[in-house]
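Let's take a walk through this model together. Have a look at the sequence and the 3D view first.

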Amino acid sequence: MLDSFKSLVLNYSYEPLQFCSARHALIMVFGGRAEELDNSDYCVRTPSSSFAIPTVIRVLKMVHRNRKNGIAFSKKNILRRDNYTCQYCGTSNHPLTVDHIMPKSRGGKTNWTNVVVACKSCNLKKGNRTPLEIDMKLKRKPIKPDYQFVPFIIPPGPDSHLETWQKYLPKNMLAKSSSF
Ligand SMILES: [Zn+2]
């Protein structure tokens, strides 16, 4: 239950940062790293007590995001950019990894334009070759996303949670997530 519910995380400045699992939110609150701003009717019960699942928390220390240099290069962000989809075969079911288009061993750089998501089997198949050498085609040319690209997707949840989140999220963010 704690893993299926999401909590909205606000920065110290009340600016929305991201969603995390309710479990993580509780850990942050109990650990004194965040305060609970809103909670839901849904409760977690332990043998001795029960407490409401937080829907919105606020970190107690300002999180600085590097807007100037854009989105940080990381495996997580590569996965986001490529929509958790292998860029060679298009699967999103296999265990996914990241692949250097020009292999690292041959001087390929670890950056936005040389690293893509690949499933383990495509990654293995490709090995130490370039896509051209083994006749594998990339679904699309990898680019460095601009900061705006970072998806702020409102996760599915009970209506009551959405209503709560609406109070804390700018209107233009909500407009983008029509598929709720
Ligand atoms: Zn693949």
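What follows covers some ring pairs and then a pocket.

A few ground rules: this is a predicted model, where local features need pLDDT of at least 70, side-chain atom pairs count only at pLDDT 80 or more, and totals for chains, interfaces and linings use all residues. Residues are numbered from 1 along each chain as its sequence is written, and side-chain values use heavy atoms, with hydrogens and water left out.

Start with the aromatic rings. Rings of Phe, Tyr and Trp (its six-membered ring) pair if their centres lie within 6.5 Å; planes under 30 degrees apart are called stacked, over 60 edge-to-face, and the rest tilted. That rule gives 4 aromatic pairs. One of them joins Phe5 and Tyr42, a tilted pair at 4.8 Å centre to centre with 40° between the planes. These two sit 37 residues apart in the chain, with Phe5 in the segment before strand 1 and Tyr42 in strand 3. (Strands are DSSP runs of E, at least two residues, and helices are runs of H or I, at least four, numbered from the N terminus.)

Another pair is Phe73 with Trp112: the planes stand at 90° and the centres are 5.4 Å apart, so this one is edge-to-face. Trp112 is buried at 6% relative accessible area, while Phe73 is partly exposed at 33%. Here buried means under 20%, exposed over 50%, and partly exposed in between, using a 1.4 Å probe and protein chains only.

Now find the second largest pocket, whose lining includes Val9, His24 and Val63. Strand 2 gives the most to that lining, with 3 residues. A pocket is an open set of points on a 1 Å grid over the protein atoms alone, where a 1.4 Å probe fits, with protein on both sides within 12 Å along at least five of seven lines; lining residues have an atom within 4 Å of a point.
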